[in-house]
Amino acid sequence: MPDAPLGRLTLLAPVPAPTTNFAPVWLAAGLGYAAEEGLDLRIEIAGSPKEAADGVIAGHGDLTFINVVFTLLARDRGVPFCPFYAFVRAQNRAFSVPVASPIRDIAGLRGKTIGLHYDDPELFDFACAVLRGSGIDPTRDVAFKTLPGTPLDAPRMADAIRGNEVDAIWQLDVFAGFMAAEGVPLRLLPAPMIDRLTPSSCFNAMDATLAAKPEALGAFGRAVAKATLFALGNPERAVRTMWRCFPDAAPPPGTDAGQAFRRERAALDVRLAGHRIDSAPIPLWGAISAPEIAAWQDFLLATGAIHTRRAPEVYFSDALVGAFNDFDPAPVLAAAPGET
């Protein structure tokens, strides 16, 4: 891309295919926001959160977006992996059960089978930490089972829940939207020890990349902020734009397009609620605060997931927040309601 003065950034996406679940990531490129910022943004599919994180750590990409848990676990191992943009502010992991289930809290999972919506070792560790925090031994008191169709075949996963193959699910937030669209509404179990923890998913890079490419990463953050505003302004158009710009995100031929759209829209609506910054401690795009990271660290230390206490500032960077917010939102908001 010869007219990209800020050069190329390669983002490793922690998913098996482009997905409207994370529409602002792809729309930052698809709507031209990254190019307008002078950035050549390349999005490469990594497959899973662990593969994406490992790829960035190994130098195969510049950044990825993953749960804060990965960052604290990596720092605990001495890896200089750093969140620099809070992408999904609300907690995006939870245990859930079918609406009619008699299970009312995490303690009620004792003796039950828990389905995994996304089979990833470090997010599994997060689930185990939550269980331990509720007095449940994850190695003896529960069983885990990967849901058929994991991670993105919603009809197969819904059939498994209907068939009582699992009693509960350790899920990503968008899963509730998928299942509601499939006629299997779920109810989140309260988890006071994690429900208050924010942010959840962040863009992460190595410390060396943050030091070497601040202008490019600042431009990237602006592009994502604009794409997030666009999706919030018109989620229906966001889904259809994703399908048009990234055909791999669209339903394959022979699929019920109407049902697919309802499922994708329901999942995106759930996710967009978590992107809002209105109630954030610092109501700016991408902002992360030291007290938020300290709360995450306290939880993971208390449950034995990490072992060393460090100053919260070691775990994140807020150096580029000003750059992320250095744009006029009015043109983006004006464009969002256009044709769907």
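The second largest cavity is lined by Tyr 85, Ala 86, Phe 87, Arg 89, Thr 228, His 275, Ile 277, Leu 284, Trp 285, Gly 286 and Ala 287, where a cavity is a set of points, on a 1 Å grid over the protein atoms alone, at which a 1.4 Å probe fits but cannot get out, and a lining residue has an atom within 4 Å of a point. The model described here is predicted, so that local features need pLDDT of at least 70 and side-chain atom pairs count only at pLDDT 80 or more, while totals for chains, interfaces and linings use all residues. Residues are numbered from 1 along each chain as its sequence is written, and side-chain values use heavy atoms, with hydrogens and water left out.

The space in this second largest cavity comes to about 60 Å³, a volume being the space filled by probe spheres set on the grid points, which are joined across faces, edges and corners. Strand 4 (residues 81-88) gives the most to its lining, with three residues; strands (E, at least two residues) and helices (H or I, at least four) are DSSP runs numbered from the N terminus. By class, the lining of the second largest cavity holds seven nonpolar residues, three polar and one charged, where Ala, Val, Leu, Ile, Met, Phe, Trp, Tyr, Cys and Pro count as nonpolar, Asp, Glu, Lys and Arg as charged, and the others, Gly among them, as polar.

In total, four cavities of 30 Å³ or more are counted. The largest cavity has a volume of about 150 Å³ and is lined by 14 residues, of which Phe 22, Pro 49, Phe 65, Ile 66 and Leu 172 lie nearest its centre. Strand 3 (residues 63-67) gives the most to the lining of the largest cavity, with three residues, and this lining is made up of 10 nonpolar, three polar and one charged residues.

Pockets were treated separately, a pocket being an open set of points with protein on both sides within 12 Å along at least five of seven lines. The largest pocket holds about 370 Å³ of space, and among the 22 residues that line it, Leu 152, Ala 249, Pro 252, Arg 263 and Glu 264 are the closest to its centre. Two or more residues of this lining come from helix 6 (154-162) and from helix 12 (257-275), and helix 12 gives the most, with three residues. The lining of the largest pocket divides by class into 13 nonpolar, five polar and four charged residues.

The second largest pocket has a volume of about 280 Å³, and of the 17 residues lining it, Gln 91, Asn 92, Ala 94, Asp 173 and Leu 188 are the closest to its centre. At least two residues each are supplied to this lining by strand 5 (93-98), strand 8 (168-172) and helix 12, with helix 12 giving the most, three residues. Nine nonpolar, five polar and three charged residues make up the lining of the second largest pocket.

The largest nonpolar core has 71 residues, among which Met 179 and Phe 203 touch the most other members; such a core is a set of buried Ala, Val, Leu, Ile, Met, Phe, Trp, Tyr and Cys residues joined through side-chain atoms within 4.5 Å, and buried means under 20% relative accessible area, exposed over 50%, and partly exposed in between, with a 1.4 Å probe and protein chains only. Helix 10 (residues 214-233) gives the most to this core, with 11 residues. When residues up to four places away in sequence are not counted, the contacts (heavy atoms within 4.5 Å) of Phe 203 include Leu 11, Val 25, Phe 65, Tyr 85, Phe 220 and Val 224.

Two features of the backbone lie in loops. The peptide bond from Thr 198 to Pro 199 is cis, with omega near -15 degrees, and Pro 199 is placed in the loop between helix 8 (192-195) and strand 10 (201-206). Asn 164, although not a glycine, has a positive phi of about 60 degrees; Asn 164 is found in the loop between helix 6 and strand 8 and counts as exposed, at 64% relative accessibility.
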